[in-house]
Amino acid sequence: MNNAKELLNELRQLMGKTDAQSETRRNEIATWFKEQGTADDKKMLHEFITNGVDEARAEIASLRREINDEDYRLLPLSYIANHYFKKSAAWLSQRINGTPVRGKVYTLNSEQKTIFNQAVKEIGKKIGSFQVA
């Protein structure tokens, strides 16, 4: 069971990472639980996943509360997604709204939240300094 706890701790560190190496390691961990995990190990994995989903839902709800509908419509999501993340507007919208993608719900990780918040501040400064002569 100690090995299962170590793997879950490693899995926790890999969550939110989208690189190929992290995806490969997550799949290896899933395979270990499927093929070698005991019933208790699998129960721990189930609880880990359930807690993760609950945390993601709470995080999405928090993001939606922070960005009320009027403010949300003001945000240039396409510009932020493209300029700051090099991603599509759909990618950013899915993470803000908690839209399931291929059966998984993704949110912004802490690094991405920092980038998003910085983007909003920079855009706010630009808009605040804009004037028509």
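At what angle do helix H5 and helix H7 pack, and how far apart are their axes? Select residues 77-85 for H5 and residues 110-129 for H7: the two pack at an angle of about 120°, with their axes 10 Å apart. Here helices are DSSP runs of H or I with at least four residues, numbered from the N terminus, and axes are lines fitted to C-alpha atoms over the stretch in contact, with angles running from 0 to 180 degrees between N-to-C directions.

This is a predicted model, in which local features need pLDDT of at least 70 and side-chain atom pairs count only at pLDDT 80 or more, while totals for chains, interfaces and linings use all residues. Residues are numbered from 1 along each chain as its sequence is written, and side-chain values use heavy atoms, leaving out hydrogens and water.

Next, show the side chains in the contact (heavy atoms within 4.5 Å), which include Leu 77, Tyr 79, Ile 80, Tyr 84 and Phe 85 of H5, and Ile 115, Phe 116 and Ala 119 of H7.

Now select Tyr 79 and Tyr 84, whose rings form an edge-to-face aromatic pair, 6.2 Å centre to centre with 80° between the planes. Rings of Phe, Tyr and Trp (its six-membered ring) pair if their centres lie within 6.5 Å, and planes under 30 degrees apart count as stacked, over 60 as edge-to-face and the rest as tilted. Tyr 79 is partly exposed, at a relative accessible area of 36%, whereas Tyr 84 is buried, at 18%; buried means under 20%, exposed over 50% and partly exposed in between (1.4 Å probe, protein chains only).

Finally, select Phe 85 and Trp 91, whose ring centres are 5.2 Å apart with planes at 45°, so the pair is tilted. Both Phe 85 and Trp 91 are buried.
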